[in-house]
Amino acid sequence: MSFSAILLSFPISVLFFLQALIRLSSSSAIRSEDYREYIVDPGKNLILPCAVNDPVTVIWMKEGHRNRSNWVPQENGSLLIINITMNDAGNYTCSTLPGNASLTGNMSSSLDLKTSNVRVRSPPEAVSFFAVRASTVIAVLIWEYPPKRLIANSVRSFTADFRQVPEDVELDADGNIIETEWERLDPLNISPNIRQLEVYHLIPNTSYEFRIWANNHLGPGEKATVTATTIPQWQEKDLIRLILVDVRNFDTRAWIVAVAITMGILIILTIITSAVLFKECHSSPDLRIETIEITQIIV
């Protein structure tokens with residue numbers, strides 16, 4: 001069977017499908033590439049490549065938007081992004097138009113390929129949970145930071161500080177409020193694996209403000225603040241008051257029962273010991289004197 005006879009035996013729809021595949025393969029403007037992801041610091045420059053046969057017809061778009069002020073298209077079809085900011089993060093696509101289309105024509109006729117995703121690093125976000133448990137002179141700081149955000153934000157350490165909340169507001173000569181200085185807690189760089197920190201030498205019955213934040217190579221992140229008040233310290237009159245309350249509520253019958261049980265146990269032990277010693281005295285006459293002395297001591 002000849003080749004023409006084989007073609008005639010195929011349905012018309014299959015022939016049209018083969019013809020479309022041939023045209024697409026002959027006019028592939030963008031070469032097949034893997035999805036790329038770029039992580040860059042703010043203020044840096046980045047070049048996004050776009051492998052094409054005809055770089056002149058390349059169009060770059062970011063989530064439906066074109067031609068930003070810090071975009072510089074290159075002769076080889078790649079895109080140079082200058083002085084990257086957080087607004088430059090997102091998905092980028094490079095497109096090329098067929099030879100018979102124009103840049104102002106129908107964009108749906110272009111061949112698009114998502115080539116890259118740009119992620120811009122930023123200072124760490126605030127902790128997801130922050131609480132303080134205060135006693136008289138000690139406070140325990142407890143916080144949580146999701147592991148995924150810990151890795152995504154490249155957290156290197158945590159930092160915490162505190163200050164005493166003044167009872168009265170103090171003003172300077174210009175009428176501005178005088179802020180109390182913050183005191184940094186040790187260690188200065190808390191390990192990113194630690195989720196608890198103790199603060200000592202606090203004043204009882206005093207309010208404090210505590211802050212904590214994460215750090216990475218870009219600097220400190222968002223701060224989380226909590227206010228806590230220490231417990232008043234017990235005084236002698238408070239202890240006496242508690243003891244008197246216990247004395248009033250004390251039941252003497254329970255004390256009598258406890259004493260009776262104790263005395264009963266002692267009497268039983270004395271009787272058993274005396275019986276054992278009496279038996280030993282009759283079995284060994286030489287030990288009578290020592291037994292009598294031991295019995296007297298026990299009684």
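Me: Is E179 buried or exposed, and how do I read that?

Reply: Buried means under 20% relative accessible area, exposed over 50%, and partly exposed in between, using a 1.4 Å probe and protein chains only. E179 comes out at 53% relative accessibility, so it counts as exposed. Keep in mind that this is a predicted model, where local features need pLDDT of at least 70, side-chain atom pairs count only at pLDDT 80 or more, and totals for chains, interfaces and linings use all residues. Residues are numbered from 1 along each chain as its sequence is written, and side-chain values use heavy atoms, with hydrogens and water left out.

Me: Which residue forms a salt bridge with E179?

Reply: A salt bridge here is a side-chain nitrogen of Lys or Arg within 4 Å of a carboxyl oxygen of Asp or Glu. For E179 the partner is R163, with the closest N and O atoms 3.2 Å apart. R163 is buried, at a relative accessible area of 14%.

Me: What else does R163 bridge to?

Reply: E209, with the closest N and O atoms 2.8 Å apart. Strands (E, at least two residues) are DSSP runs, numbered from the N terminus. E209 sits in strand β13 (residues 207–216) and R163 in strand β10, so this pair ties together parts 46 residues apart in sequence.

Me: How many salt bridges does the structure hold?

Reply: Eight. Among them is D88 with R68, at 3.9 Å from N to O. D88 counts as buried at 3% relative accessibility, while R68, at 27%, counts as partly exposed.

Notes: Helix = DSSP H or I, 4+ residues; strand = E, 2+ residues; numbered from the N terminus.
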